[in-house]
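Thanks for making the time this morning. I would like to walk through one model with you, going from its ring contacts to its sheets and then to its cores.

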Amino acid sequence: MNDQRCGYNHKKPQDFHSFSSSSSSSSIPHLLATMATFTTFLSKPPTNISYSTPQITPLQFHHTLNLSIFTKPKHHPLTKTQKPPLFVTNAVVSPKEKDVSNTDERVKQVHSIDEFDEALRSAKDKLVVVEYAASTSQQSRKIYPFMVDLSRTCNDVEFLLVMGDENEKTKALCEREKIEKVPHFSFYKSMEIIHEEEGIGPDVLEGDVLYYGDSHSAVVQLHSRDDVEKLIEDHKVDHQLIVLDVGLKHCGPCVKVYPTVLKLSRQMDGMVVFARMNGDENDSCMQFLKDMNVIEVPTFLFIRDGDIKGRYVGSGKGELIGEILRYQGVRVT
């Protein structure tokens, strides 16, 4: 079982708090038709590309570089005195995906501190994902195609590439940002760093981007107790089940489970409402966690008609789906 949570005290939650005195339950019979979809979802691996154990490479600075994986290759035959490019991308991607110089590419390579700071300023409150790489890092070239793929699907996120050993200016940038090993991913919002990762694989990268992107319409983003109460009031009429994902900004299991939440929100659109709140975003959110007796995260609250029907604590994908179906009135055998 891949169930993880932050705050391992294993205390049983106290009685549920209610938003109103009413108590009712309803089921959606046609939800049974989605069981095959969930079975496929449970059995489908996160990616169809095999990936070795992530590694990190100490950042070494060189004056002579070969950035062949990050620039468009010249189309002329090799002579006897020429050597093939230093890098050959091993990931299973099409030639177009390898060509970062393609005009539709959204990953912007920056070459100095000034360019970097301007890119962060231009992004304003958008999430900015920065990969710090090096021409000598095999892991950098393995993970880069996956960042390119994410850039094509996450239009509300900005992606930057910094080759730390490109020149003295990029070296100075890495030193300022305290980058010592690559690949290193930093996540910025409003010119402030909010999260960092080293030596990660594509699944973790995708989870981080989705979690910190914070503007995915399929999951309602809640920023205060008032937001929660409004959401509950809005769905008293249609009696839809609300699944409220409560977590913390820097909780690893919260990040891990979020892609599952996002995918379920799309698959169950019209049947279940998914929402999310980070307890450490502000005082109102933190007070909400205390009022709801949330002592471990991620915690999922199941709400219908103003009442909290139950909760699930953990990050297990299968367990979460089972709990959602149970509170929808679907018997899972």
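Let me begin with a criterion: a charge is said to sit over a ring if NZ of Lys or CZ of Arg is within 6 Å of the ring centre and within 35 degrees of the ring normal. By that criterion, the charged end of R326 sits over the ring of Y327, at 4.6 Å from the ring centre. Please keep in mind throughout that this is a predicted model.

The charged end of R276 likewise sits over a ring, that of Y211, 4.7 Å from its centre.

In total, the structure holds 7 aromatic pairs. One of them is the pair of F116 and Y132, which is tilted, with 6.5 Å from centre to centre and 40° between the planes. Because F116 lies in helix α3 and Y132 in strand β3, residues 127-133, this pair ties together parts that are 16 residues apart in sequence. Are these two residues buried or exposed? F116 is buried, because its relative accessibility is 0%, and Y132 is buried too, with a relative accessible area of 0%. The rings of Y211 and Y212 have planes at 85° and centres 5.1 Å apart, so that pair is edge-to-face. Y211 counts as buried with a relative accessible area of 3%, and Y212 counts as buried with 6%.

Let me stay with strand β3 for a moment and turn to its pairing. β3 and β6 pair in the antiparallel sense over 6 bridges, and in this pairing E131 stands opposite F185 in β6. Strand β6, residues 184-189, is mostly covered, with 5 of its 6 residues buried. β6 also pairs with strand β7, residues 192-198, in the antiparallel sense and over 6 bridges, and here Y188 stands opposite I193 in β7. The hairpin formed by β6 and β7 has 2 residues between the strands, and S190 in this hairpin takes a positive phi near 55°.

Another residue to look at here is M191, whose C-alpha is 9.5 Å in space from that of S122, although the two residues are 69 apart in sequence. S122 has its place in helix α3, residues 113-123, and because its relative accessibility is 49%, S122 counts as partly exposed.

Now to the sheet that contains β8. This is an open sheet of 5 strands in the order β8-β10-β9-β11-β12, with mixed pairing. Which strands stand at the edges? They are β8 and β12, the latter at 307-313, and each has a single partner strand, so one side of each is left without a neighbour in the sheet. The partner of β12 is strand β11, residues 299-304, to which 6 bridges join it in the antiparallel sense. F300 has Y312 in β12 as its bridge partner.

F300 leads us on to the cores. The largest nonpolar core has 66 residues, and among these L244 and I324 touch the most other members. Helix α8, residues 252-267, gives the most to this core, with 7 residues. A second, separate core of 16 residues includes V110, V130, C174 and V182. Returning to L244, and leaving aside its neighbours within four places in sequence, its contacts include L222, R276, F288 and F300.

I will close with the overall numbers. The secondary structure comes to 10 helices and 12 strands, and of the 333 residues of the protein, 47% count as buried. Among the contacts with a separation of 6 or more, residues 24 or more positions apart account for 77%.

Notes
Residues are numbered from 1 along each chain as its sequence is written. This is a predicted model: local features need pLDDT of at least 70, side-chain atom pairs count only at pLDDT 80 or more; totals for chains, interfaces and linings use all residues. Side-chain values use heavy atoms; hydrogens and water are left out. Helices (H or I, at least four residues) and strands (E, at least two) are DSSP runs, numbered from the N terminus. Buried means under 20% relative accessible area, exposed over 50%, partly exposed in between (1.4 Å probe, protein chains only). A nonpolar core is a set of buried Ala, Val, Leu, Ile, Met, Phe, Trp, Tyr and Cys residues joined through side-chain atoms within 4.5 Å. Contact means heavy atoms within 4.5 Å. Rings of Phe, Tyr and Trp (its six-membered ring) pair if their centres lie within 6.5 Å; planes under 30 degrees apart count as stacked, over 60 as edge-to-face and the rest as tilted. Two strands pair if DSSP finds at least two bridges between them.
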